[in-house]
Amino acid sequence: MLVRLLGPIDVVVDGRPAPLPGVRRRTVLAVLALRAGEVVSTDRLIDAVWGDQPPSTALNTLQRHVSYLRQVLGHRDAIVARAPGYLLVRTGAVTGGEATDGEATGGEITDAEAAQRLVALAEAQADPSRRAGYLRDALALWRGRPLADVAERPGLSEEAERLEQLRLHATRLLLECRLAVGEHDDARPELARLAAEYPFDERLHALLMLALYRGGRPGDALAVGRRLRAALADELGLDPGPAIQDLETAILRRDPALGVTPPPVPAQLPPALPMFAGRSGVLAELDGLLAAMDTTAVVISAVSGMAGVGKTTLAVYWAHRVADRFPDGQLYLNLRGFDPDSPPMTSAEVLRQLLTAVGVAASRIAPDPDAQAAQWRGEMSGRRMLVLLDNVRDTAQVRPVLPGGPGTLVLVTGRGPLTGLAAAGAHPVALDLLTPDEARDLLARRLGAERVASEPRAVDEIIARCARLPLALAIVAARAATRPHLPLAALVRQLRAAEDRLDVLSTDDPRSDIRAVFACSYGALTAPAQRLFRLLGLHPGPDVAVSAAAGLAGLPVARTRALLAELSRANLVAEPAADRYSLHDLVREYAAELAHAADPDDDRRAAQHRLLDHYLHTAHAASGLLFRRLSISLGPARPGSRPQRLPDDRQALSWFAAEHPVLLAAIGHAARTGFDEHAWRLAYCLSAFLDLRGHWHDWAEAQQTALAAAGRLGDPGAQAQTLRQLAGAHTRLGRYAEAHTHLTRALELFGRAGDPGGQAQTHHNLGILLDSQGRLTESFDHAGRALALFRAIGSRKGEADALSMVGWLHAERGEYPPALACCTAALPMHVELGNRQGEADTWDSLGYTHHHTGDYAEAVHCYEQGLAVWRDLGDRYNEADLLGRLGETLHASGDPDEAGRAWHRALSILESLGHPDAAAIRAKLVLIGG
């Protein structure tokens with residue numbers, strides 16, 4: 001007979017399991033079996049079965065349970081009544097199995113007693129193989145958690161824990177035996193599992209450390225010790241005992257007494273830059289990758305960026321920072337993806353070098369590349385290593401090198417984005433230019449903080465002229481460092497005076513010379529991509545849309561997009577927004593230098609002509625969609641210029657919003673390169689948008705450039721149109737005298753050119769200008785002349801605008817019936833013509849008129865109609881101007897709260913525009929306490 005306690009409670013009689021239903025019966029048997037041969041009181045049995053509140057029938061029920069157990073055990077004498085309770089009689093014995101080999105077995109009645117006997121026999125045995133036999137037999141008796149179905153009963157949980165500790169003790173002893181006979185690799189997984197399950201068990205952790213050390217992983221062994229030390233300190237406030245400390249010391253010394261001595265750990269990282277600066281965000285991003293090191297996948301980070309941005313410097317610096325996290329070593333390999341002197345390494349070359357680095361003899365390296373990749377994955381299995389693959393050309397070069405298991409971090413650097421590594425779970429890290437503060441820090445670390453602080457303006461200009469490119473800054477810093485007594489301002493003067501910044505940034509080292517570094521990327525391109533790159537050097541910036549690049553190259557848009565993607569992969573262009581590309585300033589200079597060296601003058605000029613035609617014809621179409629009042633016409637665009645098709649006014653507004661910095665640059669570029677016709681016409685087409693968005697300083701600057709261009713052309717009509725636009729900008733900026741001078745001169749030139757439409761528009765502009773100055777009589781006179789001229793030439797758009805202006809002036813003069821008549825007549829004309837600006841202006845005039853006739857509700861309605869149009873057009877100044885008048889109406893109608901809200905919205909817009917009208921709105925808010 002055997003009572004089994006090392007798992008669910010049951011009985012084996014004559015070699016056959018006997019059923020034992022009922023938790024209470026199993027509880028009674030467990031208590032008796034744990035004290036086999038001893039009397040257990042009825043009180044103890046009742047307490048185990050029912051706890052603190054037994055039923056009144058507990059004693060009778062206990063007697064029935066004992067009677068049932070006697071039947072299961074096979075005879076009445078198995079359990080005898082003996083005061084003050086019951087006793088389980090020893091009637092059987094359990095042997096220790098084959099491992100006992102005929103030795104004494106004792107008279108055990110439970111599997112727990114048998115396990116204890118076998119562990120004791122193992123502890124008395126010197127031979128590790130025989131000890132292991134006893135221990136395996138002992139551990140085989142456990143079928144799960146001891147007392148599994150009754151362990152929660154009173155008094156039995158402690159017994160269950162005692163038996164569980166016996167199993168843990170036997171497990172430790174068996175693992176010691178396995179390490180003693182050289183099974184350190186096979187035992188390591190179980191040791192790792194148990195160490196995780198028992199995080200404070202120093203003996204288990206010591207065994208795991210020894211197994212790792214003997215398996216050639218001393219770094220991981222020490223890491224286990226560090227984790228144990230941290231767990232004990234954080235949770236218990238304790239240090240490890242002497243055994244762990246002595247073991248750590250022995251591992252560090254590679255004490256022969258520990259057994260197998262592991263091979264040397266590779267440490268191939270190049271020296272880290274001692275004066276590394278900036279990149280705190282990217283370093284933190286890379287640090288975050290270490291959290292994934294214990295997952296089931298290899299961790300890969302792909303650091304990409306343009307030439308000279310500091311990818312290798314960053315990668316090496318960070319790798320040194322975290323090297324101690326990779327105790328099995330750090331490997332480094334330059335794959336020569338963009339090397340000025342040598343071709344890129346093949347993946348087979350990479351594999352052979354890495355296999356050699358981890359100790360594989362050349363004679364053992366497989367001849368076939370696929371077999372080499374499998375061999376590499378096998379060598380890396382179980383290792384915790386950092387592999388830095390620097391200067392990678394493309395994904396194909398490194399894909400066979402990626403390990404297959406956890407524990408390894410692969411850090412890849414390359415100029416392209418290496419998007420093909422995404423399938424392997426790579427984490428992309430795009431390295432951008434330094435921030436101004438990071439650039440200043442770089443110079444301070446190289447030149448000394450005092451020297452940099454003493455010439456802040458010179459430092460700012462150095463940063464600007466190096467365009468925050470780390471390589472360029474490092475070259476300038478190196479030059480300054482060799483002449484410590486030379487003021488930095490002198491170096492700035494050299495940068496200013498140099499005909500080409502690239503000359504100043506050249507060195508005698510092809511790996512750090514700006515041109516040579518860029519040339520490696522350029523040389524890797526296909527010929528069509530090289531041509532597009534050169535032509536992009538002729539673009540004025542700051543960025544270029546795909547359609548504009550297509551016009552520049554004279555290629556279809558789809559073909560151009562594919563070539564731009566190739567340039568992006570080489571990191572010669574960036575894609576800051578979808579279908580928009582930009583070049584770093586120094587890269588642009590390099591591209592332009594190549595264009596002037598490689599492309600004939602006629603080809604370059606034709607490309608610039610196509611580009612400017614693209615912008616001019618698209619801007620003309622966009623302005624016509626939005627404002628319906630263009631006074632100039634264009635001839636056909638040059639073949640291949642690819643003007644963009646804009647289906648409606650919303651698309652036109654979006655195009656202007658995206659392109660207006662480029663258009664401003666294009667105006668200056670056209671004027672500097674002999675395209676004066678393009679310069680003034682492009683400035684004209686851009687004017688209404690700049691006015692709409694409140695970019696009045698840009699408007700004035702563009703028109704000054706356009707006026708000079710028109711003057712060089714000797715075209716009075718062009719000069720007159722430009723003067724009228726320049727006057728509009730000056731009017732918005734409050735420069736009324738200059739505006740009046742320009743408009744007077746424009747009237748004269750329009751007369752000389754025989755352009756009554758231009759004269760009419762100029763009279764209209766003079767009316768607006770004089771109205772701004774409060775000179776209503778003179779303003780009314782010019783508005784009337786404009787209306788007459790527009791009617792005479794049959795311009796319904798001009799007539800509607802002038803009619804609205806006359807209506808507004810009537811209202812300002814207090815003549816409300818004619819004001820309503822004029823505006824009511826103009827409004828449907830604007831709607832019919834799609835002239836939304838004129839529509840909004842007219843709603844504004846109607847609102848003003850109704851306000852002054854006391855019809856506040858109608859005034860509010862009109863103002864809200866006008867506001868909806870201004871918001872739809874994105875005209876923030878006119879929205880704010882109208883909100884100011886809406887607030888006045890609401891205040892006059894007795895609703896100061898709503899008035900305050902309208903004025904606050906107006907103030908927010910005007911402050912964002914930096915407009916002087918904000919002061920008047922603030923004064924209104926002060927008056928109402930808002």
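Modeller: Helices (H or I, at least four residues) and strands (E, at least two) are DSSP runs, numbered from the N terminus. Keep in mind that this is a predicted model, where local features need pLDDT of at least 70, side-chain atom pairs count only at pLDDT 80 or more, and totals for chains, interfaces and linings use all residues. Residues are numbered from 1 along each chain as its sequence is written, and side-chain values use heavy atoms, with hydrogens and water left out.

Biologist: OK, what is the phi of Asp14?

Modeller: Asp14 is not a glycine, yet its phi is positive, about 55°. Most residues other than glycine have a negative phi, and most peptide bonds are trans.

Biologist: Is Asp14 buried or exposed?

Modeller: Exposed, because Asp14 has 65% relative accessibility. The cut-offs: buried is under 20% relative accessible area, exposed is over 50%, and partly exposed is in between (1.4 Å probe, protein chains only).

Biologist: Which loop holds Arg468, and what is its phi?

Modeller: Arg468 sits in the loop between α18 (456-465) and α19 (470-482). Its phi is positive too, near 60°, and Arg468 is a residue other than glycine. With a relative accessible area of 31%, Arg468 is partly exposed.

Biologist: Now peptide bonds. Where is Pro84, and what kind of bond joins it to Ala83?

Modeller: Pro84 is in the loop between β5 (79-82) and β6 (85-88). The bond from Ala83 to Pro84 is cis, with omega about 5°. Gly541 and Pro542 are also joined by a cis peptide bond, again with omega of about 5°. Pro542 belongs to the loop between α23 (527-536) and β12 (544-545).

Biologist: Cavities next. How many of 30 Å³ or more does the structure hold?

Modeller: One. The largest cavity has a volume of about 30 Å³, and Pro542 is among its lining residues, along with Leu536, His539 and Arg588. A cavity here is a set of points, on a 1 Å grid over the protein atoms alone, where a 1.4 Å probe fits but cannot get out; lining residues have an atom within 4 Å of a point. Grid points are joined across faces, edges and corners, and the volume is the space filled by probe spheres set on the points.

Biologist: Switching to aromatics: how many pairs?

Modeller: Nine aromatic pairs. Phe533 and Tyr590 make a tilted one, 6.3 Å centre to centre with 50° between the planes. Phe533 is in helix α23 and Tyr590 in helix α26 (residues 585-598), 57 residues apart, so to speak a link between distant parts of the chain. The rule is that rings of Phe, Tyr and Trp (its six-membered ring) pair if their centres lie within 6.5 Å; planes under 30 degrees apart count as stacked, over 60 as edge-to-face and the rest as tilted.

Biologist: Are Phe533 and Tyr590 buried or exposed?

Modeller: Both Phe533 and Tyr590 are buried. Ring pairs also link Phe533 and Tyr590 with Phe518 and Tyr522 into a cluster.

Biologist: Why does the pair of Phe656 and Phe689 count as stacked?

Modeller: Because the ring planes of Phe656 and Phe689 are at 15°, with the centres 5.2 Å apart. Phe656 is in helix α28 and Phe689 in helix α29, 33 residues apart. Phe656 is buried, at a relative accessible area of 0%, and Phe689 counts as buried at 0% as well.

Biologist: And charges over rings? Which ring does Arg813 sit over?

Modeller: The charged end of Arg813 is over the ring of Phe780, 4.2 Å from its centre. Arg393 does likewise with Phe338, at 5.4 Å from the ring centre. The test is NZ of Lys or CZ of Arg within 6 Å of the ring centre and within 35 degrees of the ring normal.

Biologist: Last topic, α38. Why does its length agree with what you'd expect?

Modeller: Helix α38 (residues 856-873) has 18 residues and should span 26 Å at 1.5 Å a residue, and its end C-alpha atoms are 26 Å apart. The expected span is 1.5 Å times one less than the number of residues.

Biologist: Which residues of α38 are buried, and what covers them?

Modeller: The buried ones include Tyr863, Leu867 and Trp870. The cover includes α28 (649-672), α29 (676-692), α37 (836-852) and α39 (876-892); contact means heavy atoms within 4.5 Å. After α38 comes Gly874, with a positive phi near 75°.

Notes: On a 1 Å grid over the protein atoms alone, a cavity is a set of points where a 1.4 Å probe fits but cannot get out, and a pocket is an open set with protein on both sides within 12 Å along at least five of seven lines; lining residues have an atom within 4 Å of a point.
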